[in-house]
Amino acid sequence: MPRGPRLDAPGVVHHVWAHAIDGCDLFLDRDDRRDVVARLSEVLPDGGAGCFGWTLMSNHVHLVVKTGHQRLGTLMQRVFTGYAMRFNGRTGRRGHLLQGRFGSRPLRDEADLLVVIRYVLRNPLEAGLVRSLEDLERYPWGGLSALLGRRPPLPFESVSDTLALFAADEASARSRLRTWMEGSEPAGRPDAPLDALLRQVCAELAVLDHALLCRRAVQAGLGVVDVARALHLSHAAVSQAARRSSSDK
C-alpha cells in the first residue's frame, strides 16, 4: 500500500526516525557519528529548521525537528543520503544503507511534543547503552547534555525553545526537565495562573492588554509556549509583546 503525502509545512514539528537496513549498524565508530552531527549542524540551520531533541543509536536515529523554509524531505535527504554515500564509499559497501525513506510523524500539540522529546532523549537508557539518568546526561550522541547545560549547544539544537516548554527561566526549566525525564511528574504548567493573571489585568484596565498580560505571565514564570497557546498568539508575538511592554514602563 503506497504511503500518503507528508504534512510538510513551515513551523510544523515532526518526530523523525531513520533505521539501517536489515538491522545492521548505522555507525561503525565515532567518526561516523560525528559526520551525521556535522551534517545536521549544517543542513538544519541552512533550511531554517531547529531540533528539540535527538539521539544517535547503533542502528537508527531519532530527531524532533521543527521545519523552516525548507521542506522536511529535502532536509533529511541532504543529511541521510549524504551520510549513506560517505559510509558506503568509506567501507566499500554497496546498495541502500537505510531501510526505505525516513519515517516521520507531525506532532499534534505541546503535550505530544513533550512526550516525544522524553522518548527520544531516553532511548539510550531504555536500550541499555547507559545505566542511569546521570549517565544519560553525559551521553555524547544526544541532546540532553546541551539542554541541561553540560555542554554548549550545537548549531542545530533549539535549546532555548525546548527549555521554554518547561519554564521561563533556565534554572527552573532544567529542574523540571530532569523531573520529566524521570517520568515522575507531567511537564508544562497548568493554565490556572495565567487565567488568574488574565482576570487581574482585565480588572485593572477594563480591557485585555496583551502586551501587559504577556509581560506579567512571563515574569510569573509561565513559558512563552503556554502563554501563546492560551492567548492564541504566536510564540514570537508573545516574546515581542512582553519585551515591548517591559521597555515602555
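# A walk through the predicted chain

The structure holds 0 disulfides. A disulfide here is a pair of cysteine sulfur atoms within 2.5 Å. In general, a disulfide is a covalent bond between the sulfur atoms of two cysteines. C24 is partly exposed, at 26% relative accessibility. C51 is buried, at 2%. These words have cut-offs: buried means under 20% relative accessible area, exposed over 50%, and partly exposed in between, with a 1.4 Å probe and protein chains only.

This is a predicted model, in which local features need pLDDT of at least 70 and side-chain atom pairs count only at pLDDT 80 or more, while totals for chains, interfaces and linings use all residues. Residues are numbered from 1 along each chain as its sequence is written, and side-chain values use heavy atoms, with hydrogens and water left out.

Start with the whole chain. The chain has 11 helices and 4 strands. Both are DSSP runs numbered from the N terminus: helices are H or I with at least four residues, strands are E with at least two. Of the 249 residues, 47% count as buried. The accessible surface comes to about 12,600 Å². Carbon and sulfur atoms hold 52% of that surface. Such areas come from the Shrake-Rupley method with a 1.4 Å probe; for residues, only the protein chains shown count as cover. Now take the contacts, meaning heavy atoms within 4.5 Å. Among contacts with a separation of 6 or more, 64% join residues 24 or more positions apart.

Next, go inside. A nonpolar core is a set of buried Ala, Val, Leu, Ile, Met, Phe, Trp, Tyr and Cys residues joined through side-chain atoms within 4.5 Å. The largest such core has 59 residues. Which of them touch the most other members? They are L44, L63, V64, M76 and F80. Helix 2, residues 72-91, gives the most to this core, with 8 residues. Apart from this core lies another, of 9 residues, including A217, V238, A241 and A242.

Leaving aside neighbours within four places in sequence, V64 is in contact with V13, H14, G50, C51, F52, G53, L107, L113, V116, I117 and V120.

A242 lies in helix 11, residues 235-247. A242 is buried, at 10% relative accessible area. Beyond four places in sequence, A242 touches A211, C214, R215 and V218. A217 is 25 residues away from A242 along the chain, yet their C-alpha atoms are separated by 8.7 Å.

Now the rings. Rings of Phe, Tyr and Trp (its six-membered ring) pair if their centres lie within 6.5 Å; planes under 30 degrees apart are stacked, over 60 edge-to-face, and the rest tilted. The count comes to 2 aromatic pairs. One of them is F27 with Y83, a tilted pair at 5.7 Å centre to centre and 50° between the planes. This pair links distant parts of the chain, 56 residues apart. F27 sits in the loop between strand 1 (13-19) and helix 1 (30-46), and Y83 in helix 2. F27 is buried, at 4%. Y83 is buried too, at 2%.

A charge also meets a ring. R118 lies over the face of W180, at 3.7 Å from the ring centre. The rule asks for NZ of Lys or CZ of Arg within 6 Å of the ring centre and within 35 degrees of the ring normal.

End at E137, in helix 4 (residues 133-137). E137 is buried, with a relative accessible area of 11%. Neighbours within four places aside, E137 is in contact with L144, S145, L148, R150 and R178.
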